[in-house]
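Dear colleague,

I am handing over the structure below and would be grateful if you could look through it alongside the notes that follow.

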Amino acid sequence: MPGTPPMRFAYLGPEGTFTEAALRTIPAAEHGVRTPARSVPEALEAVRSGEADAALVPLENSVGGAVPVTLDELITGSPLMITREVLLPVEFVLAARALTPLAEIRSIAAHPQASAQCRHWLRANAPDAVVVDVLSNAAAAISAAAGEYDAALCAPIGVSQHRLTVLAEKVADRAEAVTRFALLTRPGAPAGPTGDDVTSLAVSIRHDQVGALLAVLTELAVRGINLSRIESRPTGEQLGTYVFFLDCTGHVAEPRLGEALQGLRRICAEVRFLGSYAKHRLQPEPPVAAPAGLSDTDFADSAAWLTRIRAGELSL
């Protein structure tokens, strides 16, 4: 609508990071106000306080695994809801102020996660270079641009922002590495189902109950719901108590997932709904199909059958 103010987005900064690159793939963010935050908690607090409409933060990496600080933030403080996921291939570049032979590189600035994902490449192509830890991929680019180090491992977005020259592209040891980001807002009604959705939950089980985790998994399995991810984080209350983060295929508006959530609510100490949103696929592929007899159509048919019985209609 004319006159509608642009959306305000917070993101894990600084500028020139993979998080900014992921955020700018969202059309509303490309045309909105983007504000870098110094940490994941700061980005999410901007949403909770109303300073931002949404925040994009990293959730997991296909090589390094989950981002613990993001998971911890999702189970503390006032609730937030994931409304979108963004998958971004992680392609590191080696860049410097000017074109320089790799053999002459003596120091490389890199975030520890970047150097870990490029360890074998660095050993093979710049064995004499000392890798110096910095706070972010953007900080690596900035320090190389300032001449503090000979080169930097950084995100491609940082090259143009800091007028660097690319010495080598796609230097990561695993070319297929991907980072998953979550766009979080204050709670509201989820967007409608697309037919290829993810529902995220944080579940606290009853630790004095034998088989409590199995009971959680059973609620999903008996309804044909695919559990695509499970991750545990300590609650911080006492040793041995955990919160389990679940990603399930399906949408909260769908009958079988709705039934599963009701079941989890009955048997778990706490269930925090983190959102139902469209699955982001880098390559086209069909969603996981439900087993025979456990599709949404089957659930709707059985619910209608039970309604007829309760109404005194005994036909098949």
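Helices here are DSSP runs of H or I with at least four residues, numbered from the N terminus. Please keep in mind that this is a predicted model.

With that convention, Gly-147, which comes just after helix H7, takes a positive phi of about 85°. Within H7 itself, the residues Asn-137, Ala-138, Ala-140, Ala-141, Ser-143 and Ala-144 are buried, and what covers them includes the helices H1, H5 and H8 (156–161) together with the strands S6 (93–96), S7 (107–110) and S9 (151–154).

H7 (137–145) is also among the elements that each supply at least two residues to the lining of the largest pocket, and the others include H1 (18–23), H4 (68–74), S3 (54–61) and S11 (178–185). This pocket has a volume of about 720 Å³ and is lined by 31 residues, with Leu-12, Pro-58, His-111, Gln-113 and Asn-137 lying nearest its centre. Its lining comprises 17 nonpolar, 12 polar and 2 charged residues.

The second largest pocket has a volume of about 350 Å³, and of the 22 residues that line it, Glu-60, Glu-85, Leu-87, Arg-180 and Lys-279 are the closest to its centre. Two or more lining residues come from each of several elements, among them S3, S5 (81–89), S12 (197–204) and S14 (242–249), while S11 gives the largest share, 3 residues. By class, the lining of the second largest pocket divides into 5 nonpolar, 7 polar and 10 charged residues.

With best regards

Definitions and conventions
Residues are numbered from 1 along each chain as its sequence is written. This is a predicted model: local features need pLDDT of at least 70, side-chain atom pairs count only at pLDDT 80 or more; totals for chains, interfaces and linings use all residues. Side-chain values use heavy atoms; hydrogens and water are left out. On a 1 Å grid over the protein atoms alone, a cavity is a set of points where a 1.4 Å probe fits but cannot get out, and a pocket is an open set with protein on both sides within 12 Å along at least five of seven lines; lining residues have an atom within 4 Å of a point. Grid points are joined across faces, edges and corners, and a volume is the space filled by probe spheres set on the points. Ala, Val, Leu, Ile, Met, Phe, Trp, Tyr, Cys and Pro count as nonpolar, Asp, Glu, Lys and Arg as charged, and the others, Gly among them, as polar. Buried means under 20% relative accessible area, exposed over 50%, partly exposed in between (1.4 Å probe, protein chains only). Contact means heavy atoms within 4.5 Å.
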